[in-house]
Structure formats: structure tokens, C-alpha cells
Amino acid sequence: KCLTIAMQLVESNDDPDVRKCAFGLFGAVATIVKEDMASVMEPCVTLMLKSLQSTEGIHLQVAGQDDSNLPLEDLDDEDEVSLDNSTEAAADELEDIKSIGVENAFIGEKEQCLMSLKELSEECGTAFYPFIYQSLDECWTLMDYMDEGVKGQAMLTTGALLTAYYKSGQADGMEA
């Protein structure tokens, strides 16, 4: 019942601090109810994965512009950095960018989300197994995040997810 209340609160308030608290609640409840959390696992993990994928709160500071907090999601196609180009071309595109910043609330949200995913993978056993691949993909990408706290937590969570994957007994996990 408390997870349902937390989900309703998150849906009615688009705030990183509310999501951070809800993620902490998900992890805490998982330590108590363990595999009985299966009935609410999908909406919880889906919300957490969306939070990990989010670029909300990331801002670029571009040289020569008065607007020092240009939101990443408002960039034009010509301002985007292409990962398909050679290293030299990518360096040219980044030349005008002075800095990249992330609001503290969003960093805290990602860290708590990763901690809670780690707890779910450790505590919920078979209830969490269907979400291992998706969670591992998202955690893996955050191991190269710009904030050291998020990077460190992504590494810890990736380790816990790999352990859960091995414990799941799936053939490709047992061979590794």
C-alpha cells in the first residue's frame, strides 16, 4: 500500500526530490518484503529506468552566448554533438562548449535510483530477474557519467546486477 501511495505521489509531482524519496522507499520496502514485491516490481523499475535515462537538469554553457544555462533538450539539430563522426570532428563541435552542468537534485535522484536498483537486485531474487538486462544496460551507460558519485554508484549497482544475473541461473550467466 505504501508503494502505491509513493507511485501516486511521483505521478502527481514532477520533482526529482519526490522521485528520490520514492526510490529510497522502494529499496527499503524491498529489504522487508523480498520476492513478494513482484506484483509492483514492473511499475517501480520502469519509473526508475526512466529516471536513469533522463537528461533533465543537464545544461550546457556555450562560449559567446548570453544564455549560460542552455538546457540540453532545447538544442537545435545543428548544435547537437554527433557520436558518429571522427574524433577530430567531434572535438570541433565541442569547441564552443565551455562547460556541462547538472543540477544537484537530479544527481541525487540518479544516485538514489541506482542504490535502490541495487537493493532490488539483491533482495527481490526471482521477482527482479526479468528486469536485469534493462537495468544493466542503463547502469552500464552511467559508468561514464560526469558526476563521480553517480559513476561510483553505477559501478556498485552494475556489480550487484551481474551477481543477480549469475544467481538467476540463466545459461549465459552460468557460463560467464
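Strand S1 and strand S3 (residues 97–102) run antiparallel and are joined by five bridges, where two strands are taken to pair if DSSP finds at least two bridges between them. Within this arrangement, Gly 101 of S3 is the bridge partner of His 59. Strand S1 (residues 58–62) is mostly covered, with four of its five residues buried; buried here means under 20% relative accessible area, exposed means over 50%, and partly exposed lies in between, as computed with a 1.4 Å probe on protein chains only.

The structure is a predicted model, in which local features need pLDDT of at least 70 and side-chain atom pairs count only at pLDDT 80 or more, whereas totals for chains, interfaces and linings use all residues. Residues are numbered from 1 along each chain as its sequence is written, and side-chain values use heavy atoms, with hydrogens and water left out.

The chain holds eight helices and three strands, these being DSSP runs numbered from the N terminus, with helices (H or I) of at least four residues and strands (E) of at least two. Read from the N terminus, the order of the elements is α-α-α-β-β-α-β-α-α-α-α. Of the 176 residues in the chain, 39% are buried. Among contacts in the chain with a separation of 6 or more, 68% are made by residues 24 or more positions apart, a contact being defined by heavy atoms within 4.5 Å.

A search of the whole structure for aromatic pairs finds three. One of them is formed by Phe 23 and Phe 26, a tilted pair with 6.1 Å centre to centre and 55° between the planes; for this assignment, rings of Phe, Tyr and Trp (its six-membered ring) pair if their centres lie within 6.5 Å, and planes under 30 degrees apart count as stacked, over 60 as edge-to-face and the rest as tilted. Because Phe 23 and Phe 26 are three residues apart in helix H2 (residues 16–33), they are separated by about one helical turn. An α-helix has 3.6 residues a turn, so residues three or four places apart point the same way. Phe 23 is buried, with a relative accessible area of 0%, and Phe 26 is likewise buried, with a relative accessible area of 0%. A further tilted pair is formed by Phe 128 and Phe 131, at 6.3 Å centre to centre and with 50° between the planes. Phe 128 is buried at a relative accessible area of 0%, and Phe 131 is buried at 11%.

Gln 112 lies in helix H5 and is buried, with a relative accessible area of 17%. When residues up to four places away in sequence are not counted, Gln 112 touches Lys 20, Phe 23 and Gly 24. Glu 119, also placed in helix H5, is partly exposed, with a relative accessible area of 28%. Leaving aside neighbours within four places in sequence, Glu 119 is in contact with Gly 27, Ala 28, Thr 31 and Cys 124. Glu 119 and Ala 30 are 89 residues apart in sequence, yet their C-alpha atoms are 7.0 Å apart in space.

Two packed helices are described by the angle between their axes and the distance between the axes. The axes of H5 and H7 come within 9 Å and cross at roughly 15°, where axes are lines fitted to C-alpha atoms, for helices over the stretch in contact, and angles run from 0 to 180 degrees between N-to-C directions. This makes H5 roughly parallel to H7, given that angles under 35 degrees count as roughly parallel, over 145 as roughly antiparallel, 65 to 115 as roughly perpendicular and the rest as oblique.

The crossing of H6 and H7 is left-handed. The contact involves, among others, Ile 132, Tyr 133 and Trp 140 of H6 and Lys 151, Thr 158 and Tyr 165 of H7. The buried residues of helix H6 (residues 132–142) are Ile 132, Ser 135, Leu 136, Glu 138, Cys 139 and Leu 142. Their cover includes helix H3 (38–53), helix H5 (104–123) and helix H7 (148–167).

Notes. A crossing is left-handed if the near helix is turned anticlockwise from the far one by less than a right angle, and right-handed if clockwise.
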